[in-house]
Amino acid sequence: MSVVVELAEAARAYGEGEGAVHALKGVSLSVAAGELVAVMGPSGSGKSTLLNLAGGLDRPTSGRVTVEGADLGALAPKALAALRRRRVGYVFQEVNLIPSLSLLENVALPRELDGVRAGRAREEARAALAEVGAGHVAERLPEEVSGGQRQRAAIARALVGERRLVLADEPTGALDTHTGDQILGLLRARCDAGAAVLLVTHEPRYAAWADRVVFLRDGAVDTAAAAVSAR
Amino acid sequence: MSIRHGLLALLSAGPRHGYQLRAEFVASTGASWPLNIGQVYTTLSRLERDGLVVQGEEDAQGRVSYAITDDGRAELERWFRTPLVPADRPRDELVIKLAMAMTTPGVDVAAVVQAQRAATMAVMQDLTRAKRAEGITTAHRLVLDSMIFRTEAEQRWLDHCEAVLAATPQEGRA
């Protein structure tokens, strides 16, 4: 299957010399289309750094990050921003929907920024919301729907258009376990439909939805654990 | 858990014979709880001895059906009403293994924790996959959820062990 995102010996250090903090120490990891990979690890193990590198929100100090064949390090800032917007969807614990826009407008917004005309962007957004089971609340404001529905809308926004890579950072944070399961079921379904999902979570029950679980500790992948959980 | 009460619950919906009971038991709890026909008949004969069920007529195929008695219904009601106390500790071996690893010279405790955590995660992945199967009944899904929550508790405890071990200098080792 085609690799959507690949980290090759990606490292990220903050500061230099003696006092440098090595948040990520040469991690190699790839996620193919149709694959859900979960990253687990204690606080400070480098989970969020890894996700930020994978989505081009941060650059590695050494090593390489490739998204659908494009080497992020070789892209000019403007091209990187465009790739981030067009190819990568983000789902965070804090949902980050714009409060004054309806769910539909929120989901349509990234497409309009992509240059898609408003009518078509709305159609796509409506379809994306329907797919995640939030079609019936499309016209409501974020504050008028439940936390689970907000998170569904955030996933629709992450997937609208041609995005094949979804980066999810604790997407089940404030949700009860049943709603959390539904969110994971949704991400899983998107994977089965061909998306690549990289999920950061500290909750084992949600990591268990993944095809592979990667354990990070002190900025490196625990290889002994990786061998067992890849099945 | 008692197969006893499971069978009483099924019989409370009407008389059934052994094979029917086994099929319905497995359908509601999922393959997660294998039950063989021998266990069903042994349990039925004990229930009969205790006056909780009675045998009915044999059908054309020679199968005997069983029916719940009033005492059986009272026992079933008592079972649903009474909360369970955790009497057995199925994770004891792991707890003991960890405690022993802490005090046995030359054992890499973090490696023991990590190996267990990966194996436990693999079990959770299997359970979650089973939960995603099409046409799964709600009862079966809840049984799997129960196992997932238990496995998760073990996983959380292992996370906790790792964090404590990382922050604490090792003691009791010469």
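In chain B of this predicted model, residues 24 or more positions apart account for 57% of the contacts that have a separation of 6 or more. The secondary structure of chain B comprises seven helices and three strands, and these elements follow one another along the sequence in the pattern α-β-α-α-β-β-α-α-α-α. Of the 174 residues in chain B, 34% are buried. One cysteine of this chain, B:Cys161, has a relative accessible area of 12% and is counted as buried because this value lies under 20%.

In chain A, the cysteine A:Cys191 is likewise assigned to the buried class, since its relative accessibility is 1% and the limit for that class is under 20%. With regard to cysteine pairing, the count of disulfides over all chains is zero.

The two chains meet at an interface in which 22 residues of chain A are in contact with 21 residues of chain B. The size of an interface is often expressed as the accessible area that is lost when the parts come together. For chain A and chain B this buried area is about 1900 Å², of which 55% is on carbon and sulfur atoms. Three salt bridges are found across the interface of chain A and chain B; among them is the one between A:Glu203 and B:Arg156, in which the closest N and O atoms are 3.3 Å apart. Between the two chains there are also seven residue pairs in polar contact, with both residues of each pair at pLDDT 80 or more.

On the side of chain A that touches chain B, the elements giving two or more residues are helix H6 (177-192), helix H7 (204-207), strand S9 (212-217) and helix H8 (223-229). Strand S9 of chain A gives the most to this side, with four residues. By residue class, the side of chain A that touches chain B divides into eleven nonpolar, two polar and nine charged residues.

When residues up to four places away in sequence are not counted, A:Gly180 touches A:Thr172, A:Leu175 and A:Tyr206. The C-alpha atom of A:Gly180 is separated by 19 Å from that of A:Glu144, a residue 36 positions apart from A:Gly180 along the chain.

How values were computed:
Residues numbered from 1 in each chain as written. Chains lettered and ligands numbered in written order. Predicted model: local features only at pLDDT ≥ 70, side-chain atom pairs only at ≥ 80, totals over all residues. Heavy atoms only, no water. Disulfide = S-S within 2.5 Å. Buried < 20%, exposed > 50% of the residue type's maximum accessible area, 1.4 Å probe, protein only. Contact = heavy atoms within 4.5 Å. Buried area = accessible area lost by both parts, 1.4 Å probe. Salt bridge = Lys/Arg side-chain N within 4 Å of Asp/Glu carboxyl O. Polar contact = N/O pair within 3.5 Å; in protein donor to acceptor, adjacent residues only side chain to side chain. Nonpolar A, V, L, I, M, F, W, Y, C, P; charged D, E, K, R; others polar.
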